[in-house]
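Me: I want to learn how to read features off a model. Can we take them one at a time?

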Amino acid sequence: MKATELAIRRPITTIMIYVALAVVGLISLRLLPLEKFPDIEFPGIFIQIPFEASTPEEVEQVITRPVEEALATLSGVKRMRSWSRENGAELFLEFGWEQEVSAKGIEARAKVDAIRDSLPADLERILVFTGSTGDQPIMNLRISADRDLSDAYDLLDRLVKRRVERVDGVSRVELYGVNPREIRILLSADRIAAHGLDLFQLRELLQKSNFSVSAGRLTDGSQRLNVRPIGEFRSIDEVRDIIVDGANLRLRDVADVELRQPDRFDGRHLD
């Protein structure tokens, strides 16, 4: 009641206080930063390791366990979870709120890079995401056409994805619903057995056949030449003509090799 009595006895002072509060509120309204999607960091790290055409058992053995052992040496880890699937491994690390998540993300990537040589050689990439809302997609665009777009990956990648990536402020663009074409090699069990081929040696041969490396430099007087052997496949016929044994047996003789769309596991339909 004393505050009410004071306000009644001093009306001018009371009015000035309310005016001052209103002015401060208006100034704060103009100066305080407002964001529709504020960047909030959750104390966690999400690691995604794609590894197609495998089994959950193999992924757990050759990828998940080695990565878990490497990440277990990080300080401040409260909980670690992992998932092994036929298309890769996923790991989640939870830290305390007092930890600097961005610094932990750098440490986690360094730990995984340190064991990179012990992971499968055909592992393409390792993705590390911090628990920040800034890493979440904020816009989804759907593209429809009168034609079937399931085989239009190259077209959409060149005309849509790359152009959107050049927009200022865009950090990552992903395409869903379309996939690049892949080379499918279907071995014939009868022909493999007839020629006595070892499947493990054949797999290693295929992995070593497609490469792009530098062979060094040659110096001839005042000239310096860079030597780069051409080892990348440029056509599907080059894959079919790979020699798989010493008797001039080619891959086309024991397998059906074709360039095709990968198997689809999901799809979207408009209307």
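Me: How do the residues of the lining of the second largest pocket divide into nonpolar, polar and charged?

Reply: First, the ground rules. This is a predicted model: local features need pLDDT of at least 70, side-chain atom pairs count only at pLDDT 80 or more, and totals for chains, interfaces and linings use all residues. Numbering starts from 1 along each chain as its sequence is written, and side-chain values use heavy atoms, without hydrogens and water.

Now the classes. Ala, Val, Leu, Ile, Met, Phe, Trp, Tyr, Cys and Pro count as nonpolar; Asp, Glu, Lys and Arg as charged; the others, Gly among them, as polar. A pocket is an open set of points on a 1 Å grid over the protein atoms alone, where a 1.4 Å probe fits, with protein on both sides within 12 Å along at least five of seven lines; lining residues have an atom within 4 Å of a point. Here the lining has five nonpolar residues, one polar and four charged. Among them are Phe 51, Arg 203 and Gln 207.

Me: Which helix gives the largest share of that lining?

Reply: Helices are DSSP runs (H or I, at least four residues), numbered from the N terminus. H7 gives the largest share, four residues. Helix H3 (56-71) and helix H7 (199-209) each supply at least two.

Me: What volume does the second largest pocket have?

Reply: A volume is the space filled by probe spheres set on the points, which are joined across faces, edges and corners. For this pocket it is about 150 Å³.

Me: How many salt bridges are there?

Reply: A salt bridge puts a side-chain nitrogen of Lys or Arg within 4 Å of a carboxyl oxygen of Asp or Glu. The count is eleven. One of them joins Asp 237 and Arg 240, with the closest N and O atoms 2.8 Å apart. These two are three residues apart in helix H8 (residues 236-240), so about one helical turn separates them. Glu 90 and Arg 85 also pair, at 2.9 Å, N to O.

Me: Is Ala 114 buried or exposed?

Reply: Buried means under 20% relative accessible area, exposed over 50%, partly exposed in between (1.4 Å probe, protein chains only). Ala 114 counts as exposed because its relative accessibility is 60%. Ala 114 lies in helix H4 (residues 101-114).

Me: And where does Ile 27 sit?

Reply: In helix H2 (residues 11-31). Ile 27 is partly exposed, at 46% relative accessible area.
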